[in-house]
Amino acid sequence: MARRPKRPAPPISQSILEGRYERRSVVIGGLGAGIGVLLAARMGYIAIAENEKYETESESNRVNLSLIPPRRGWILDRNGAPLASNRADFRVDIIPERMPDADKTLEQLGTLLSLDRAKIQDLKDKVATSRGFQPLEVATGLNYEQFAAISVRVPEMPGVIPQRGFSRFYPTGPSVGHLIGYVGPASAEEYEKDRNPLLVTPGYKIGKDGLEKQFEQELRGTPGARRVEVTASGRIVRDLDTREDVQGQAVKLTIDGPLQDYAARRIGLESGSVVVMDCETGDLLCMASMPSFDPNSFSDGIGRVEYAMLRDDDRVPLRNKVLKGLYPPGSTVKPMVSMALLEAGIDPEQTVSCGGGLRVGNRVFGCWNRGGHGSVNMAKAIYQSCDVYFYAMAQRVGMDPIAAMARRCGMGQEFPLPVVSQFYGTVPDPAWKMRKYNQPWAVFDTVNATIGQGYMLSNPLQLAVMAARIATGQQVMPRLLGSAKKPIFDAFGFPAEQKQFIRQAMSDVVNGPGTAGRGRLPFDDIKIAGKTGTAQVVSLSISDGRSGPWKYRDHGLFIFFAPFDKPKYAGAVVIEHGGGSGAAYPIARDVTTFLFDPAKGLEALYALESQWGGTAQQRLARKYAQYAADAGELAEAAPIRETEIFDRVDAEARIEAARPAVQASDAAVNRSRNVDSVITGATE
Amino acid sequence: MNSRIPAPIARQPWEMLIPLFLLVVFGAVVLYSAAGGHFQPFASSHLLRFAVFFVMALVIASLPRSTIEWGAYPAYGGVLLLLLAVEIVGAVKGGSQRWLEAGPIRIQPSELMKPMLVLALAKFFAGLPSGMVGSWRSLVPPGVLIMLPIILVLMQPDLGTSMAIVFGGAVVMFLAGLPLWWFLTAGGVGIAAAPLVYFFALHDYQRARVLTFLDPENDPLGTGYHITQSKIAIGSGGLFGKGFNEGTQSHLNYLPEAHTDFIFSTMAEEWGLIGGIFVLVMYGLILGWGMKVARSAQDRFSSLLAAGATATIFFYIAVNLLMVMGMMPAKGMPLPWMSHGGSSMMTNMICIGMLMMINRWNRHRRGIAS
């Protein structure tokens with residue numbers, strides 16, 4: 001058909017054109033038919049060979065699978081009452097990367113939920129700095145009307161996710177803040193470590209601190225899933241099916257909820273910590289650290305203002321003082337040092353004359369009692385806390401046996417506890433000093449160490465363990481996880497009379513002519529034994545330790561056990577800058593009283609709280625309101641406390657439990673409206 | 001023919017009309033589903049339009065040859081003026097448009113231009129002495145006839161329609177017997193110029209379509225979305241489809257333009273490969289009949305007109321189906337007799353009317369001859 005241009009073309013006639021038409025129309029028809037065959041083949045390929053692939057894609061278009069965050073496992077106290085539980089609520093989250101116009105949507109949300117300006121600004125800041133895929137919480141605890149108002153507007157507000165969920169609830173709030181920790185949305189770093197899609201599911205929160213963080217995997221549970229049919233614009237057409245979530249496992253602690261709450265509240269306006277443990281099992285009954293934060297606020301997404309308040313507080317409410325507060329143990333080490341002396345062969349009846357000080361080298365070390373104690377034997381040295389006796393005796397035996405005893409008693413020890421971190425302090429000895437400072441040990445170092453000053457540092461938990469070990473003469477190990485098994489501890493191998501001697505001397509501290517006369521228990525048959533301690537913070541040339549600026553005052557310490565003749569409970573109280581042990585032992589007294597007679601304990605607490613202005617939670621809420629007002633912001637309301645099942649871990653619950661059974665069963669009926677799980681275990 | 005059937009009815013080209021009716025009814029069925037299981041608004045107006053345009057086709061079919069030959073150039077000129085009017089109205093109103101509105105009727109002159117150009121070219125080549133085929137006289141006037149509307153349509157801008165116009169014109173010129181090397185040269189130049197056109201002549205959105213066609217997964221939620229969703233609809237239909245009214249891609253709005261450009265995907269999702277083959281066979285029968293009419297035409301004018309009309313219909317079908325199956329860039333091209341929409345229905349029914357007319361002429365001639 002191709003024309004050869006070189007040759008002269010034959011004249012084109014009608015018949016040539018007809019021939020061309022014939023041939024060319026066949027060609028065109030053939031091409032058309034070819035395309036038809038191609039189309040049929042292509043369609044067959046897509047619909048048959050690739051059918052499976054496209055069917056999957058069609059399903060994934062149609063079906064929207066959304067994870068239902070699992071209900072978090074409860075954290076229970078030793079009696080099965082929840083220290084951390086869940087509350088059903090309506091909530092709204094946003095996913096920044098799905099919001100085309102974040103500012104506008106936030107304003108809209110602000111209007112719908114009547115959020116204040118500060119909160120909206122907070123959210124805008126967070127949106128600006130967030131990694132887009134991380135959900136941000138806008139509000140929780142919505143009422144149904146607000147929830148419904150947002151739900152109907154979802155198609156016009158992409159990226160906004162209203163849902164019914166659960167939020168973490170800590171009934172006693174600040175009392176358990178440091179112990180339990182809190183939960184919050186996973187950060188980008190946490191998501192990078194654990195690429196679990198659950199972590200970026202709106203409404204899901206992971207443990208951020210304390211036990212919540214430590215037991216994250218146990219508490220987490222298995223997410224449920226909801227399959228819905230959706231249109232291209234995301235409107236839900238219908239529910240296909242739902243797989244229920246599996247709630248995370250409960251973690252049962254050795255903590256006694258009411259006692260924890262009581263101790264935390266009893267610390268009152270002071271900054272300090274109370275540790276109580278069961279001498280027989282090592283169960284930690286209470287690890288209170290105050291002032292604290294309200295983990296409910298953290299878990300609801302703490303606001304800028306509230307966080308600033310906590311951060312700026314010089315009493316460091318963000319630090320768990322039980323584990324991370326290190327203090328010179330002061331005179332609380334004296335019973336321990338006495339045991340070392342006894343073991344080294346010192347006769348307890350041997351006396352030292354205390355004239356108010358002792359010259360060591362070219363320096364005079366004073367006794368706390370400048371007037372002197374006169375003739376002092378070991379018992380008197382303990383109950384009168386005579387420093388000079390220990391200066392003298394320690395020099396005879398040297399530092400090493402004392403340091404060894406300190407370590408046996410738990411000083412400087414890191415305990416195998418499920419906590420995020422613990423500071424374990426220092427037990428100084430010559431080898432340590434050489435290693436650390438490259439200086440030889442000096443006599444005055446021994447002198448300092450025997451009265452718990454100088455390099456010696458310990459945390460309140462170690463002090464409580466020391467009390468328990470001295471009381472029982474056994475290597476009591478603290479534990480935090482509840483277990484019915486009673487552990488068997490190694491004995492120290494003290495002769496019974498030495499143990500008895502120390503117990504008696506420590507009883508005399510309170511019940512005899514000792515330094516803590518106001519620490520007596522209000523019982524005839526139960527006596528507490530203890531040892532006071534005062535730890536200097538700054539040199540006497542700056543402050544006398546009792547008055548003046550708060551942060552220059554001495555720390556007040558007290559270790560104790562009760563009953564003194566058959567120790568069941570042991571503990572330690574440390575009050576930062578309390579101005580001396582007088583700030584500490586009344587707290588130990590009341591806490592111990594509460595252990596044996598809750599009503600009496602509470603009576604004492606109520607009297608104090610009426611002076612202080614309410615419970616710790618109330619005061620914290622008021623303080624926040626004040627702080628926020630000063631900062632010119634509106635405070636959000638504190639989480640509504642539902643008086644139901646949750647009231648079982650506050651101090652008052654102990655009294656409740658003591659009431660006649662009829663009343664208790666009524667209460668059980670009222671409490672049956674529990675939110676998300678059935679608790680096993682007795683009420684108290 | 002069976003004598004019991006009245007002659008005027010028996011005379012009709014049933015070999016084409018039956019597939020055509022089946023297609024239109026099937027189209028209505030698919031539109032019924034695309035409307036979520038309702039006659040309104042698509043299926044009912046689809047059937048109504050077909051009825052109106054079928055009557056129009058019958059009227060065209062009955063036109064005498066002299067009228068058509070006389071009216072070819074005036075009709076072409078009239079539509080060209082309408083295209084010009086579109087530009088003027090667009091310029092006055094501000095912004096480009098493709099429609100002319102007259103009361104309730106909206107006309108898209110570029111659609112009308114497709115059969116009118118074929119008609120004008122057939123008229124021209126019928127009048128061109130055979131000795132002049134191959135000279136400039138056989139190229140320049142048709143070239144002008146094609147270029148005038150192309151320029152106006154490209155200004156709208158509507159690349160798809162201008163390509164359809166070029167295709168119809170080229171097929172007529174090819175069949176008119178112009179030298180083959182002209183076409184080969186034009187094709188070669190076209191391929192060589194494609195990159196230049198791509199970079200300098202196309203609008204951004206057109207470039208995006210080309211890119212998306214080359215790699216649809218690259219932009220699954222942007223311009224590639226259409227083709228991806230269309231393939232999902234066709235592919236998930238399988239052999240027998242998901243069943244009538246069970247299409248999820250169309251009902252949940254994942255498939256864009258489910259009742260117009262992507263009607264075939266909507267159909268394939270619910271009727272599967274079987275439905276697709278049925279539609280292809282129906283088109284094959286109609287186009288095959290068109291080619292048969294063209295080849296059995298007794299003279300140059302009617303044979304070129306019939307072939308051009310068939311090619312115009314073919315272009316719609318081929319481009320639409322290649323597009324929905326992901327073998328061509330997405331462009332607005334409806335599927336004849338199935339897509340919801342009046343303009344393409346009118347164009348295609350004009351072509352059908354002209355084919356029926358030529359078919360009548362053929363039979364008439366044969367009748368006289370035999």
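A residue counts as buried when its relative accessible area is under 20%, as exposed when that area is over 50%, and as partly exposed in between. These classes are applied here to a predicted model, in which Glu107(A) has a relative accessible area of 28% and is therefore partly exposed.

Glu107(A) takes part in a salt bridge with Lys124(A), with an N to O distance of 2.6 Å. Because Glu107(A) belongs to helix α3 (residues 102–113) and Lys124(A) to helix α4 (residues 117–129) of chain A, the pair ties together parts that are 17 residues apart in sequence. Lys124(A), at 17% relative accessibility, counts as buried.

In one of them, the side chain of Arg265(A) meets that of Glu609(A) at 2.9 Å, N to O. Elsewhere, salt bridges with shared partners join Arg72(A), Arg168(A), Asp194(A), Glu212(A), Glu216(A) and Arg220(A) into one network. Over all chains, a search of the whole structure finds 33 salt bridges.

The account now turns to the interface. The contact between the chains draws 39 residues from chain A and 50 residues from chain B. Chain A and chain B bury about 3800 Å² between them, and carbon and sulfur atoms give 69% of this area. Tyr21(A), Arg24(A) and Met43(A) supply 20% of the area that chain A buries against chain B, more than any other three residues.

Across this interface there is one salt bridge. Glu22(A) pairs with Arg295(B), the closest N and O atoms being 3.4 Å apart. The interface also holds 16 residue pairs in polar contact. On the side of chain A that touches chain B, α1 (14–49), α2 (51–62) and β8 (224–230) each supply at least two residues. The largest share, 22 residues, comes from α1(A). By class, this side of chain A comprises 19 nonpolar, eleven polar and nine charged residues.

Terms used: Residues numbered from 1 in each chain as written. Chains lettered and ligands numbered in written order. Predicted model: local features only at pLDDT ≥ 70, side-chain atom pairs only at ≥ 80, totals over all residues. Heavy atoms only, no water. Contact = heavy atoms within 4.5 Å. Buried area = accessible area lost by both parts, 1.4 Å probe. Salt bridge = Lys/Arg side-chain N within 4 Å of Asp/Glu carboxyl O. Polar contact = N/O pair within 3.5 Å; in protein donor to acceptor, adjacent residues only side chain to side chain. Helix = DSSP H or I, 4+ residues; strand = E, 2+ residues; numbered from the N terminus. Nonpolar A, V, L, I, M, F, W, Y, C, P; charged D, E, K, R; others polar. Buried < 20%, exposed > 50% of the residue type's maximum accessible area, 1.4 Å probe, protein only.
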